[in-house]
Amino acid sequence: PGPVAGGESEVPVLIAAASPQGEENLDLDEEIKAIEDAVAHFDLAGVKIIPKVLRGATRQELKEALLGDQSALIFHFAGHGGLGVKRDDFNRGVPKSEGYILLLADHAGKQKETLSAEALARHLNHAGTRLAVLNACYSGARNATYPWSGVASSLTASGIPAVLAMQFKVGHVEAEAFTRALYAALALGLTLDEAVWSGRVAMLETTSVE
């Protein structure tokens, strides 16, 4: 954490949200607000959580935010993710799976760009990220042949100490419930394990029982 006025310290949080056209439409404002509300009054031993929000995040904006002067000890992504296929130049050009997140190409929102797991890991390490929360479908998916090529596994392999992600498709209501409970628990001073448990319970409680 970096120092702020009055001898206090701050934990910078970067929230990036993107819902490109052509993908399932996501209303991410409530998720962003849930994080902002949860951390607004956090003050533990003089430590404050300071969120910075990139709404409709473009690839260039995210890159600049993570490579800038300010660190992002916590990185939260809300949007779409997945596993794609690329050429493996180190293995005779055979197809290789590669994780990615989807960002906007511009603020018109009609075009989308992928940011590979490898590139994201590089940017987050430069920003000093210690916790990455990927609230996106398949961001935690893994391929049996290339187990370290998914988004979450790639970040873990690069040295990010803690990564939270979704293995499968997740409904927006459940994802928002997880986010709200996770940050509310962290703001109360609970451990990360306790906060994740709280988030999972919140997701479970939103699921209808037939």
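# Close-up views of pockets, cavities and salt bridges

**View A. The lining of the largest pocket, by class.** The lining of the largest pocket is made up of 10 nonpolar, four polar and two charged residues. Here Ala, Val, Leu, Ile, Met, Phe, Trp, Tyr, Cys and Pro count as nonpolar, Asp, Glu, Lys and Arg as charged, and the others, including Gly, as polar. The model is predicted: local features need pLDDT of at least 70 and side-chain atom pairs count only at pLDDT 80 or more, while totals for chains, interfaces and linings use all residues. Residues are numbered from 1 along each chain as its sequence is written, and side-chain values use heavy atoms, with hydrogens and water left out. The volume of the largest pocket is about 430 Å³. A pocket is an open set of points on a 1 Å grid over the protein atoms alone, with protein on both sides within 12 Å along at least five of seven lines; lining residues have an atom within 4 Å of a point. Grid points are joined across faces, edges and corners, and a volume is the space filled by probe spheres set on the points. Of the 16 lining residues, L164, A165, M166, Q167 and R200 lie nearest the centre of the largest pocket. At least two lining residues come from each of α4 (151-157), β8 (162-165) and α6 (192-206). Helices (H or I, at least four residues) and strands (E, at least two) are DSSP runs, numbered from the N terminus.

**View B. The second largest pocket.** This pocket has a volume of about 210 Å³. Its lining consists of V11, F42, V47, I49, L73, I74, R130, L131, L186 and L190. By class, nine of these residues are nonpolar, none is polar and one is charged.

**View C. The largest cavity.** A cavity is a set of grid points where a 1.4 Å probe fits but cannot get out. By this rule the model has two cavities of 30 Å³ or more. The largest cavity holds about 110 Å³ of space. It is lined by 14 residues, and those nearest its centre are L26, G79, C137, V170 and H172. Two or more lining residues are given by each of β4 (74-88), β7 (131-137) and α5. Strand β7 gives the most, with three residues. The lining divides into six nonpolar, five polar and three charged residues.

**View D. The second largest cavity.** About 40 Å³ of space lies in this cavity. V13, I35, V39, I49, I74, Y183, L186 and A187 form the lining. All eight are nonpolar, with no polar and no charged residues. Helices α1 (29-39) and α5 each supply at least two of the lining residues, and α5 has the largest share, three residues.

**View E. The salt bridge between E23 and K112.** A salt bridge is a side-chain nitrogen of Lys or Arg within 4 Å of a carboxyl oxygen of Asp or Glu, and the whole structure has five of them. In this one the side chains of E23 and K112 meet at 2.2 Å, N to O. E23 lies in the loop between β2 (9-17) and α1, and K112 in strand β6 (residues 112-116), so the pair ties together parts that are 89 residues apart in sequence. E23 is partly exposed, with a relative accessible area of 28%. K112 counts as partly exposed too, at 40% relative accessibility. Buried means under 20% relative accessible area, exposed over 50%, and partly exposed in between (1.4 Å probe, protein chains only).

View F. D29 forms a salt bridge with R55, with 3.5 Å between the closest N and O atoms. D37 forms a salt bridge with K33, and here the closest N and O atoms are 2.7 Å apart.

**View G. E176 and its surroundings.** E176 lies in helix α5 (residues 172-187). E176 counts as buried because its relative accessibility is 17%. Apart from neighbours within four places in sequence, E176 is in contact (heavy atoms within 4.5 Å) with E30, E31 and N135. A network of salt bridges links E30, E176 and R180.
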